[in-house]
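Here is a protein model to look through together. Keep the sequence and the 3D view open while you read.

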Amino acid sequence: MYQLFSLSFFLVFFFLLSMPLLYSSGVLSFSTTLLSNDYFVFDSLSFYLAILVVFLGFYSVISFNSWLSFNTKFFLFLSLFFSCVCFCVNHSILFWCFYELSMLPLLYLIFRDSPYSERFIAGWYFAVYLLITSLPLILVLLYLSFVNGTCFISSWGEGYVSISVYIALSFIFFTKVPPSPFHTWLPIVHAEATSIVSIFLSGYIMKLGLLGVYRCSPFLFGSNFYIYLFFCCIFSIFFLITASGELDGKRWLAFLSLSHIVVPFLGFYVCDWESISLAFLFCLGHGLSAGLVFGLLWFFYDSTNTRNWLLIKTGVSGKFPMFVMIFGLLSLCSFPPTLQFFCEVNLLSQSTGSYFFLVFWSCYLFFGGLVPLVLCGHVLVRNECIESTSYTLYMFLYYFFYLSVWCYLGIVLL
């Protein structure tokens with residue numbers, strides 16, 4: 001238990017908090033390449049996703065250091081390292097290696113660390129989607145590398161191979177995002193995984209597939225995918241409605257994430273080359289928000305021993321738990337000044353040319369704001385307070401503080 005923090009400990013945290021400012025190129029900057037060679041490319045897209053890994057990964061591991069075993073931290077850092085490299089790699093074979101290696105440590109931790117009885121079923125669900133698509137992914141990447149005459153993804157073009165190959169590649173990546181109909185594993189895995197694994201899965205693993213789709217086939221997002229986009233938008237609204245009846249906090253958040261992840265997918269259609277970074281900035285905001293609320297659920301599970309929203313309200317006592325609950329749930333509503341709010345405003349302004357997009361935004365913004373707000377009101381009104389608690393507070397305090405700062409003030413800092 002943390003009782004006292006030294007000055008050096010605070011300075012390390014402050015350095016990690018402010019380090020991304022050195023590389024920030026502006027929220028609305030387009031996807032220019034800041035640093036590039038044959039094997040790696042570092043642009044605004046990889047920048048936003050890399051700092052998401054830093055925020056969720058390193059902050060959470062440092063904050064919850066005393067609760068994590070050495071083996072758990074080792075596998076978590078492996079996943080963080082491979083994900084960071086995967087976000088920046090330009091070589092197709094290396095991309096596949098780091099892409100798969102970033103998820104395997106988390107799969108192992110589901111089997112090893114989860115205390116829940118259904119962890120093996122959840123682990124096998126995740127393993128099936130991970131391993132069955134692994135071989136087709138490397139085969140398609142090898143084929144595209146052979147046909148294009150290079151393994152460097154940035155040199156690929158659409159004229160060398162049938163468009164159906166790129167469509168098949170995109171759907172392989174979609175299994176990890178995952179939009180419908182590949183979504184079945186996500187609520188099950190989140191419900192059975194430990195909280196730290198859920199933070200990582202919802203925070204940055206879901207974004208690996210989006211980056212893979214955009215890196216390998218950015219020219220697909222036109223008339224080729226409109227039918228599938230329509231399908232995903234309809235199910236996005238259904239996921240929000242399903243979440244409204246879910247009592248398990250982690251499954252509730254998993255269904256909300258399934259709905260929110262459609263927004264950057266839609267951004268691929270409405271954004272041009274100069275504004276495509278908005279989709280990945282939304283991914284940054286969503287990852288911070290999901291990590292904040294998963295940490296919130298972990299915090300209340302430690303004090304109430306339940307993930308049921310009807311019972312969690314018994315642990316909302318005192319100013320700190322109340323503010324954490326309010327800030328966490330409001331971040332899911334894209335409440336200003338969160339990063340998601342400004343991204344959605346910009347994406348909405350670019351969607352005005354399509355009535356279908358406008359209808360989707362109307363339903364999405366209404367239900368997406370209503371579900372967390374109703375739950376927030378239920379938890380805060382007429383709650384049965386606990387006068388004394390025995391859970392550890394300091395580790396959560398630092399974790400909530402840093403994620404809240406970047407979630408709500410990231411639009412200013414970036």
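Where is the place of Pro178? Pro178 lies in the loop between helix H8 (163-174) and H9.

## What you are looking at

This is a predicted model, in which local features need pLDDT of at least 70, side-chain atom pairs count only at pLDDT 80 or more, and totals for chains, interfaces and linings use all residues. Residues are numbered from 1 along each chain as its sequence is written, and side-chain values use heavy atoms, with hydrogens and water left out.

The protein has 19 helices and 2 strands. Both kinds of element are DSSP runs numbered from the N terminus: helices are H or I with at least four residues, strands are E with at least two. Of the 414 residues, 59% count as buried; buried means under 20% relative accessible area, exposed over 50%, and partly exposed in between (1.4 Å probe, protein chains only). Take the contacts with a separation of 6 or more: residues 24 or more positions apart account for 78% of them. Contact here means heavy atoms within 4.5 Å.

## Helix H5 and its neighbours

Helix H5 covers residues 104-113, and its buried residues are Pro105, Leu106, Leu107, Leu109 and Ile110. These buried residues pack against helix H3 (70-88), helix H4 (92-101), helix H6 (119-132), helix H9 (185-192) and helix H10 (195-216).

Let's pick out H3. The axes of H3 and H5 come within 9 Å and cross at roughly 155°. That makes H3 roughly antiparallel to H5. For the terms: axes are lines fitted to C-alpha atoms, for helices over the stretch in contact, with angles from 0 to 180 degrees between N-to-C directions. Angles under 35 degrees count as roughly parallel, over 145 as roughly antiparallel, 65 to 115 as roughly perpendicular and the rest as oblique. On the H3 side, Asn71, Thr72, Phe75, Leu76, Leu78 and Ser79 meet Pro105, Leu106, Tyr108, Leu109, Arg112 and Asp113 of H5. Sorted by class, this contact has 7 nonpolar, 3 polar and 2 charged residues. Ala, Val, Leu, Ile, Met, Phe, Trp, Tyr, Cys and Pro count as nonpolar, Asp, Glu, Lys and Arg as charged, and the others, Gly among them, as polar.

## H13 against H18

Next, look at helix H13 (residues 262-270) and helix H18 (residues 355-380), whose axes come within 13 Å and cross at roughly 160°. H13 and H18 are therefore roughly antiparallel to each other. H13 brings Val262, Val263, Leu266, Tyr269 and Val270 to the contact, and H18 brings Phe357, Phe360, Trp361 and Tyr364. By class, that gives 9 nonpolar, no polar and no charged residues.

## Loops and a strand

Back to Pro178: a cis peptide bond joins Val177 to it, with omega about -10°. Another cis bond runs from Pro336 to Pro337, with omega near 10°. Pro337 sits in the loop between helix H16 (319-332) and helix H17 (339-349), and Ser334 is in the loop between H16 and H17 too. Ser334 has a positive phi of about 60° although it is not a glycine, and counts as buried at 8% relative accessibility.

Asn305, also not a glycine, has a positive phi of about 60°. Its place is the loop between helix H14 (277-304) and helix H15 (309-312). Is Asn305 buried or exposed? At 62% relative accessibility, Asn305 counts as exposed.

Finally, find Phe42 in strand S2 (residues 41-43). Phe42 is partly exposed, with a relative accessible area of 22%. The C-alpha atoms of Phe42 and Cys88 are 5.5 Å apart, while the two residues are 46 residues apart along the chain.
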